[in-house]
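I set out to look up the core, the sheets and a few single residues. My entries follow in the order of the look-ups.

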Amino acid sequence: MKKFKARMTMLALSLAAVTALGGCKVVPPEESKPATGTTDGSSSASNTKPGESGQTQSTDPKTTTAVPVTMPAKGAYSFSATDTSLFIHCDGTVESLETDSKFDKAYYNIDEFKNDMITPIINRYTATTDSKTSVKLAQCDLKDTTLSLKFSYESAEDYLAFNKSFNEYFENWQVFAIGKVSDIGDYNIDIAGAFVDTDGNAISSTKIKEMCKDYYICAVNFGGKLPDGVSGQFFFEGNVYYVSSGLKIEDKNSVKLYESEDVQYVIFY
């Protein structure tokens with residue numbers, strides 16, 4: 001039991017450093033896009049970005065208006081990961097999964113680990129908040145030699161504060177916020193710098209703020225440091241439309257972030 005607890009203690013202390021980032025498999029939605037109603041009672045699919053509608057748009061930033069996009073149905077992209085990863089929901093909630101495949105001893109007891117170590121850590125944190133469900137352990141199992149821990153968080157703030165409570169690596173994180181583009185100022189964050197769309201075309205932060213007010217934004221600042229061997233990959237419930245220049249869009253709902261002193265942004269819907 002002592003060997004098990006010693007091993008698990010090291011895991012718990014390193015939990016947050018690897019929970020946020022890494023590989024993930026996302027279950028895609030059906031090929032048909034969610035439909036929006038038309039004036040004649042029929043339906044049509046829409047998955048457009050600003051500037052891609054059939055209507056003529058002025059190039060004058062003062063008259064640029066947002067073009068509606070269709071949000072995938074809630075849960076269309078589900079968190080179905082097999083490796084350490086972070087999943088961002090449009091409503092600001094967060095899910096994370098950590099896996100470790102080094103548990104190859106017969107004396108490991110997953111129930112003791114959950115009850116004696118993980119649950120007390122969660123309880124200590126939730127006792128400092130107004131919600132007893134601000135952090136929840138959604139999965140804790142040991143199959144063969146692989147330990148899997150899945151957490152759910154009511155907000156990005158809970159994710160960051162919880163992990164800072166027991167892992168010093170997260171002290172490097174300066175920003176982690178999820179919200180509407182129009183509301184990002186509520187987090188004392190401004191949208192700045194250059195952006196690109198999914199085709200690599202440049203777009204200014206000014207136009208992002210004007211054209212994408214109803215889109216969602218994830219803003220992250222790692223403080224210039226990522227753990228060794230960590231990829232910096234984030235996954236999103238909605239489609240990714242714009243990212244800070246320099247970020248790599250892996251597919252329609254995943255982005256690879258990198259070590260930087262600057263705030264990195266992902267615009268999704």
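Which residues have the most contacts inside the largest nonpolar core? I looked them up in what is a predicted model: they are W173, F176, F234 and F268, in a core of 62 residues. Helix 2 gives the largest share of this core, with seven residues.

I then listed the contacts of F268, leaving aside its neighbours within four places in sequence. F268 is in contact with I88, C90, I178, Y215, Y216, I217, C218, F236, G238, N239, V240 and Y241.

Entry on the chain totals. I counted four helices and 17 strands in the protein chain. Of its 269 residues, 47% are buried. The accessible surface comes to about 13300 Å², and carbon and sulfur atoms hold 47% of that surface. I also checked contacts between residues at least 6 apart in sequence: 67% of them join residues at least 24 apart.

I read the strand order as 7-8-6-5-13-16-15, in an open sheet with mixed pairing. Strand 7 (135-143) and strand 15 (248-251) each have a single partner strand, so they stand at the edges and one side of each is left without a neighbour in the sheet. From one strand to the next, the twist averages 20°.

Within this sheet I looked at one pair. Strand 5 (residues 85-88) and strand 6 (residues 94-100) run antiparallel and are joined by four bridges. L86 has S96 in strand 6 as its bridge partner.

Next I asked which strands helix 2 touches. Helix 2 (residues 110-126) packs on the sheet against strand 7 and strand 8 (146-153), and its direction makes about 165° with that of strand 7. Helix 3 (residues 156-164) also packs on the sheet, where it touches strand 5, strand 6, strand 7 and strand 8. I noted an angle of about 130° between the directions of helix 3 and strand 8.

I found an open sheet in the order 9-12-17-14-10-11, with antiparallel pairing. Strand 9 and strand 11 (202-204) are its edge strands, each pairing on one side only. Neighbouring strands here are turned by 20° against each other on average, direction ignored. I then took the pair of strand 10 and strand 14 (residues 240-244), which is antiparallel over three bridges. The bridge partner of V196 in strand 14 is V243.

Entry on backbone angles. Most residues other than glycine have a negative phi. D144 is in the loop between strand 7 and strand 8. Is D144 buried or exposed? D144 counts as exposed because its relative accessible area is 77%, and the cut-off is over 50%.

N188 is not a glycine either, yet I read a positive phi of about 60° for it. N188 is found in the loop between strand 9 (175-180) and strand 10 (194-197). Its relative accessible area is 77%, so N188 is exposed.

Last entry, on S205. I placed S205 in helix 4 (residues 205-211). S205 has a relative accessible area of 12%, which means that S205 is buried, the limit being under 20%. Which residues does S205 touch, not counting those up to four places away in sequence? I found I191, A192, G193 and F195.

Technical notes: Residues numbered from 1 in each chain as written. Predicted model: local features only at pLDDT ≥ 70, side-chain atom pairs only at ≥ 80, totals over all residues. Heavy atoms only, no water. Pairing = 2+ DSSP bridges. Helix = DSSP H or I, 4+ residues; strand = E, 2+ residues; numbered from the N terminus. Axes fitted to C-alpha atoms, helices over the stretch in contact; angles between N-to-C directions. Contact = heavy atoms within 4.5 Å. Core = buried A, V, L, I, M, F, W, Y, C linked by side-chain atoms within 4.5 Å. Buried < 20%, exposed > 50% of the residue type's maximum accessible area, 1.4 Å probe, protein only. Areas by Shrake-Rupley, 256 points an atom, 1.4 Å probe, with all protein chains shown as cover.
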